[in-house]
Amino acid sequence: MGKAFNSARAAKKLAQAAAFGGGGLGLIGATLYGVLTAEAEYAKRVIGPMRYYPTPGDGLYGRHPGHPITFAMLGDSSAAGYGTDSPDETPGVLLASGLADLAERPVRLVDVSKTGAKSTDLAAQVDTALQAGPHIAVILIGANDVKAKMPPSTSVRLLSTAVRRLRAANCEVVVGTCPDLGVVRPIVPPLRWVARSLSHRLAAAQTIAVVEAGGRSVSLGSLLGEVFRTNPSMWGRDNFHPSATGYAAAAAALLPSAAAAMGVGPESFVHPEPFRGEAILPIAEAAVQAVRRAGTEVAATEVAGRERGPRGRWAALRHRRRHPKAEVDRVEEPKDASPETVPVGH
């Protein structure tokens, strides 16, 4: 209990520092951060230069009636699907195809993610995405911030700003939080344990910031943890990024929350179920618990008509059931086709 409380307090402190523009390295320990950034440089040398740049899969997916749902994919190489051989293997296409099946509506994918992107690049990505009038956006960002030695409070603040801008445009937002960097093969103990501790704390702080900004978070930490440690097929050719199988696993974890955000799919309106380990908790506690189990969604909720309790905003913690890999069904559109602004799923 004491350890969980301390973790929640640390994550909340980091999120607050991000909100108010303060904090910095002192919140996680300058020594630990220095060790991790040094190890990131080492890992980068071992991994070598980036290759296998993905091809964006922008287009219309799902042969269903109705106006398309416009879906924007933002973030770094994990969002772009770095290392994949085909657009059909990228997270954006897998999510667009899966969402089309669950909504029984066509989904138009606008992929503005970019390999090598940092949180400082999110503002420009949001600018581009908003031109398409998205109904929903998924963001995967953060690993390159560590390489760039960006203070975690800055990284979290930039993510929060991006979520708020999208929400102000009536776009639903789902954020996949920082994965467990301790599973990256070039990183060895004891630095692996430092990487794991830091990435968990950053993921919890991201969760708090995202929910406070009106979005939903989905933990990816342990998904890219034990499974990746025991299954070599989850790794790409550089032993750093996921393989097509790994990206499919991440998309399967994100899809139920994306569908719920749009009000489609079988679990869209299911309340937290205690027998599945789901609960309504203060946001900091929910964030820490989410880090421990992959695919856990955290979203804002109310208790007795109130958004906040004595320990901050109320949040619903859910373990949504994952869906199988979607069949990609791309639809060729007329060249003069353009998105229409319509209400979707609400």
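Trainee: Which residue of S5 is the bridge partner of Ile139, and what makes S4 and S5 a pair?

Mentor: The bridge partner of Ile139 in S5 is Val175. Two strands pair if DSSP finds at least two bridges between them; S4 and S5 (residues 172-176) have five, in the parallel sense, so they count as paired. Please note that this is a predicted model, in which local features need pLDDT of at least 70, side-chain atom pairs count only at pLDDT 80 or more, and totals for chains, interfaces and linings use all residues. Residues are numbered from 1 along each chain as its sequence is written, and side-chain values use heavy atoms, with hydrogens and water left out.

Trainee: What joins S4 to S2?

Mentor: Five bridges join S2 (residues 69-75) to S4, and the two run parallel. The names come from DSSP runs numbered from the N terminus: helices are H or I with at least four residues, strands are E with at least two.

Trainee: Why is S4 called mostly covered?

Mentor: Buried means under 20% relative accessible area, exposed over 50%, and partly exposed in between (1.4 Å probe, protein chains only). In S4 (residues 136-140), five of five residues are buried. Ile136, Val138 and Leu140 lie on one side, Ala137 and Ile139 on the other. In a regular strand the side chains alternate between the two faces of the sheet.

Trainee: Why does Ser113 count as buried?

Mentor: Its relative accessibility is 14%, which is under 20%, so Ser113 is buried. Ser113 is in the loop between S3 (107-111) and H5 (122-130).

Trainee: What span is expected of H4?

Mentor: The expected span of a helix is 1.5 Å times one less than its number of residues. H4 (residues 91-103) has 13 residues, and its 18 Å from first C-alpha to last is close to the 18 Å expected. H4 is mostly covered, with 11 of its 13 residues buried.
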